[in-house]
Amino acid sequence: MNLQELQTAFNKSHILASVLIRDCKFFGEETAFSDPKYLPFYFHLKEIFKPKNVLNVNFSKFGLKEICLYSDVIESYAGICRKFDLETKWGIQNIKKITGKEIKLSDSLNFNEKFDVILCDDPSYAKKEIENLWNLLSYNGVLVVENTYKNEDFELLSFIVNREAVIFESRYNVGAIQR
């Protein structure tokens, strides 16, 4: 399992996002959620890496990324919740409905477990918290950061952890670094 396999699978993708989230409650951003270069990335991430534990450091977006990462091997979801709003409430409900799992929410990176996948939508936050994020990442785990197109913060992350980063040309230009 490696990032090149993920790149190949993602580039050949013909999965409709609407199929992945068909039973979920959400509003707004329909074009983003239906974009074949957004949520299907997370489906392919799941297929290649088969994560057991997932952390989203900015839990929102109705839990749709977590839904796309769901498989029989998922043991737990965790998220950092900075504001509890309707997106968050529906995200908790979506995850419970689709996966049967609860998501453990916190307001900080204070977790005692390791995660196979850590999701972050803010490269500057990832840079600021790289030591904590890296310590929470399991061996062979993947740190996934959105909004990485020509982003110096993300390029610096790759340098700090001394790992090759792969950028996926998706709706939000996802970057991934494998531990």
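How many aromatic pairs does a search of the whole structure find? The search finds four. One of them joins Phe111 and Phe115 edge-to-face. This is a predicted model.

**Aromatic rings**
- The rings of Phe111 and Phe115 lie 5.6 Å apart, centre to centre.
- Their planes stand at 90 degrees to each other, and the pair is edge-to-face.
- Phe111 and Phe115 are both buried.
- One aromatic cluster is made up of Phe41, Tyr42 and Phe168.

**A charge over a ring**
- Tyr125 has the charged end of Arg82 sitting over its ring.
- The distance from that charged end to the ring centre of Tyr125 is 4.6 Å.

**Cysteines**
- The disulfide count is zero.
- Cys68 has 1% relative accessibility, so it counts as buried.
- Cys120 has 2% relative accessibility, so it counts as buried too.
- The cut-off for buried is under 20% relative accessible area.

**Enclosed space**
- The whole structure holds one cavity of 30 Å³ or more.
- The volume of the largest cavity is about 40 Å³.
- Asn56, Asn58, Ser60, Lys61, Lys65, Glu66 and Asp121 line the largest cavity.
- Four of the lining residues are charged and three are polar.
- The lining of the largest cavity has no nonpolar residues.

Conventions. Residues are numbered from 1 along each chain as its sequence is written. This is a predicted model: local features need pLDDT of at least 70, side-chain atom pairs count only at pLDDT 80 or more; totals for chains, interfaces and linings use all residues. Side-chain values use heavy atoms; hydrogens and water are left out. A disulfide is a pair of cysteine sulfur atoms within 2.5 Å. Buried means under 20% relative accessible area, exposed over 50%, partly exposed in between (1.4 Å probe, protein chains only). On a 1 Å grid over the protein atoms alone, a cavity is a set of points where a 1.4 Å probe fits but cannot get out, and a pocket is an open set with protein on both sides within 12 Å along at least five of seven lines; lining residues have an atom within 4 Å of a point. Grid points are joined across faces, edges and corners, and a volume is the space filled by probe spheres set on the points. Ala, Val, Leu, Ile, Met, Phe, Trp, Tyr, Cys and Pro count as nonpolar, Asp, Glu, Lys and Arg as charged, and the others, Gly among them, as polar. Rings of Phe, Tyr and Trp (its six-membered ring) pair if their centres lie within 6.5 Å; planes under 30 degrees apart count as stacked, over 60 as edge-to-face and the rest as tilted. A charge sits over a ring if NZ of Lys or CZ of Arg is within 6 Å of the ring centre and within 35 degrees of the ring normal.
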